[in-house]
Amino acid sequence: MLDGGGQRKSARDVIVRELVCNCLIHREFVSPHIARITIDGEGPVTPEDPCE
């Protein structure tokens, strides 16, 4: 993947960075639940929803 300046970037790095940022930004900070992301060998990186 190329960024705006023509430099190569890993799409995986960009996706993981966005996933972690979104998990932290959109979590409910008044809730005692821990923001957690699980990475397993069978599927994609998935955020866990403590409400489920």
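**View 1. Cys-23, a buried cysteine.** At 16% relative accessibility, Cys-23 counts as buried (under 20% relative accessible area; over 50% is exposed, in between is partly exposed, with a 1.4 Å probe and protein chains only). Keep in mind that this is a predicted model, where local features need pLDDT of at least 70, side-chain atom pairs count only at pLDDT 80 or more, and totals for chains, interfaces and linings use all residues. Residues are numbered from 1 along each chain as its sequence is written, and side-chain values use heavy atoms, with hydrogens and water left out.

**View 2. Cys-21 and Cys-23, with no disulfide.** There are zero disulfides in the structure, a disulfide being a pair of cysteine sulfur atoms within 2.5 Å. For Cys-21, the nearest cysteine sulfur belongs to Cys-23 and sits 10.0 Å away. Cys-23 is likewise in no disulfide, its nearest cysteine sulfur being that of Cys-21. Cys-21 is partly exposed, at a relative accessible area of 35%.

**View 3. Val-14 and its contacts.** Val-14 belongs to helix H1, residues 11-25. Helices (H or I, at least four residues) and strands (E, at least two) are DSSP runs, numbered from the N terminus. Skip the neighbours within four places in sequence, and Val-14 is in contact with Met-1 and Lys-9, contact meaning heavy atoms within 4.5 Å. Met-1 is 13 residues from Val-14 along the chain, with 9.8 Å between their C-alpha atoms.

View 4. Val-16, Val-20 and Leu-24 make a nonpolar surface patch of about 210 Å². Patch residues have over 30% relative accessible area and no salt bridge; like charges are joined within 9 Å, nonpolar side chains (Val, Leu, Ile, Met, Phe, Trp, Tyr) within 5 Å. A salt bridge is a side-chain nitrogen of Lys or Arg within 4 Å of a carboxyl oxygen of Asp or Glu. Val-20 is in helix H1 and is partly exposed, at 34% relative accessible area.

**View 5. Strand E2 and helix H1, by confidence.** Strand E2 (residues 46-47) has the lowest mean pLDDT of the elements, 64, while H1 has the highest, 83; pLDDT is the predictor's confidence in each residue, from 0 to 100. Of the 52 residues, 4% count as buried.

Conventions:
Accessible areas come from the Shrake-Rupley method with a 1.4 Å probe; for residues, only the protein chains shown count as cover.
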